[in-house]
Amino acid sequence: LRLERRDDQLAVGDRRVRRPGAVVAVRGFVRFLLARGVLPHGFAGNKKTRKEVQHARAAYYASVSFIDSQVGVIVKALEELNLFRNTVIVFVSDHGFLLGEHGGVVDKKLLYEGVARVPLIIAGPGVPEARVSPRIVELVDIFPPLSELCGLPAREGLEGVSFTPLFQDPNRAWKSAAFTQTIKSKKSPLYHSVRTERYAYFEQENGTEPELYDHVNDPHEVT
């Protein structure tokens with residue numbers, strides 16, 4: 001079923017429920033911040049002053065609070081429509097953001113932990129409550145467990161793997177590494193990274209010296 005916005009209501013199929021506030025996309029909210037000077041245009045990329053970093057953090061924290069409230073709007077709508085108990089909810093982000101780390105960098109197109117690591121929260125039928133796993137999963141791993149939880153046949157040829165075994169045993173042995181790549185612009189080289197539970201390795205295609213971080217002794221990737 002498709003959850004969509006209609007005037008002052010949330011609609012699921014032919015059933016509707018009034019919504020207490022607008023469900024606005026993050027992109028729209030960022031435009032709102034830009035229009036009011038909270039987050040200056042062209043902000044991401046280079047190192048920023050202390051004041052610019054403070055502006056960026058304030059805007060980012062505001063967007064997080066806003067999205068948190070909208071999750072509540074959606075969950076409440078599902079409950080009022082009696083759909084909550086047979087709906088799988090996935091909360092995830094496409095990337096993180098540096099907000100002044102590494103000498104004042106405000107950017108999302110890098111490979112540091114603050115950018116590459118994202119939240120992944122799943123709730124619904126077949127998902128135990130309040131369990132946290134320290135194991136590595138990737139965004140390509142989201143589709144397989146959703147298919148499994150919805151009772152759909154498994155697809156062949158996927159790079160991702162279902163992490164439902166972690167629901168019952170969060171500390172069991174799992175995949176050894178996550179792979180990430182990004183590009184800052186059409187003319188810039190690709191950035192690649194390999195992240196294990198302990199180490200993070202970065203390299204660029206332009207031959208720049210690679211970087212290796214030990215997250216046990218250097219969790220903030222400074223040295």
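Select Val 64 to start: at 43% relative accessibility it counts as partly exposed (buried is under 20% relative accessible area, exposed over 50%, partly exposed in between, with a 1.4 Å probe and protein chains only). Before you click on, note that this is a predicted model, where local features need pLDDT of at least 70, side-chain atom pairs count only at pLDDT 80 or more, and totals for chains, interfaces and linings use all residues. Residues are numbered from 1 along each chain as its sequence is written, and side-chain values use heavy atoms, with hydrogens and water left out.

Val 64 sits in helix α2, residues 50-80 (helices are DSSP runs of H or I with at least four residues, strands are E runs of at least two, numbered from the N terminus).

Next, jump to Tyr 112, in the loop between β6 (106-107) and α4 (113-116). Buried or exposed? Tyr 112 counts as buried, because its relative accessibility is 17%. Now show what Tyr 112 touches: skipping residues up to four places away in sequence, you'll get Leu 98, His 102, Phe 202, Glu 211, Tyr 213 and Glu 221 (contact means heavy atoms within 4.5 Å).

Now go to Glu 113, in helix α4. Glu 113 counts as buried, since its relative accessibility is 17%. Leaving out neighbours within four places in sequence, Glu 113 is in contact with Arg 195, His 215 and Glu 221. Glu 221 is also on the contact list of Tyr 112.
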